[in-house]
Amino acid sequence: IKENIKFESKINVLEFGSGYGHLANYFLKSNIVRNYYSIESDERCYQTLKKLNLIIYKNVDDINFKINFDILILSHILEHITDPINFIISLKKKYNIKYIFIDVPCEDFKYKEFDEPHLFFYNINSLKKLSNICGYKVEKIQYYGDEIEKINDKQLFYKKLFNKLKIYVLLFYLFLTSLNKKVNMTKLEYIMNKNYKADKLNLSK
């Protein structure tokens with residue numbers, strides 16, 4: 001970000017899903033931040049984020065005053081958004097956002113052993129198109145990490161197939177036993193908890 005965008009004065013930052021503030025910490029050390037706003041629903045992170053002097057909100061609609069943001073940070077967020085176009089455009093209009101930093105997995109269904117619950121799978125072309133539709137010019141875009149062809153093999157294919165089979169067997173078992181109801185979970189929540197070790201809070205996110 002620092003290499004490609006030159007800010008003339010200190011900036012207001014808005015980040016979705018700050019977690020424990022790893023990215024925010026780097027930003028704050030650069031001494032270019034006026035205020036850093038964090039949208040984070042996981043209250044377990046709040047104590048750490050407060051130590052970094054972040055301004056924390058559980059939901060973006062809780063920001064009920066007029067403010068402009070110089071940059072919006074969406075790191076591993078966009079793949080979970082049901083309507084990314086309207087999501088970005090509405091934020092742009094409301095907060096006059098000049099720049100957006102987007103970090104997403106690249107078509108991770110092709111190389112991950114488990115199919116994660118992502119709603120969209122992006123690559124460079126789809127991100128460029130999304131940016132254009134939302135009215136943003138791409139300053140820089142690049143892949144990071146190993147090429148998909150190098151990490152995708154037959155062994156992974158069979159692992160993915162086996163994992164999917166396990167999920168279908170578990171789903172069938174739940175239909176027969178209703179075991180999920182005993183722990184107050186839907187069938188989907190129970191499967192996510194068993195296979196991905198997701199707790200209730202992460203399930204809702």
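Reply: Tyrosine 37 and tyrosine 57 are both buried (under 20% relative accessible area, 1.4 Å probe, protein chains only; exposed is over 50%, partly exposed in between). This is a predicted model: local features need pLDDT of at least 70, side-chain atom pairs need 80 or more, and totals for chains, interfaces and linings use all residues. Numbering starts from 1 along each chain as its sequence is written, and side-chain values use heavy atoms, without hydrogens or water.

The whole structure holds seven aromatic pairs. Rings of Phe, Tyr and Trp (its six-membered ring) pair if their centres lie within 6.5 Å; planes under 30 degrees apart are stacked, over 60 edge-to-face, the rest tilted. Tyrosine 37 and tyrosine 57 are stacked, at 6.3 Å centre to centre and 10° between the planes. Tyrosine 37 lies in strand β2 (residues 33-39) and tyrosine 57 in strand β3 (residues 55-57), 20 residues apart. Strands are DSSP runs of E, at least two residues; helices are H or I, at least four; both are numbered from the N terminus.

Phenylalanine 69 and tyrosine 95 pair edge-to-face: 5.3 Å between centres, 70° between planes. Phenylalanine 69 sits in the loop between β3 and β4 (71-75), tyrosine 95 in helix α3 (residues 84-95). Both residues are buried. One aromatic cluster takes in Tyr37, Tyr57, Phe65, Phe69 and Tyr95.

Beyond its neighbours within four places in sequence, tyrosine 95 is in contact (heavy atoms within 4.5 Å) with Leu14, Val60, Ile63, Ile67, Asn68 and Phe69.
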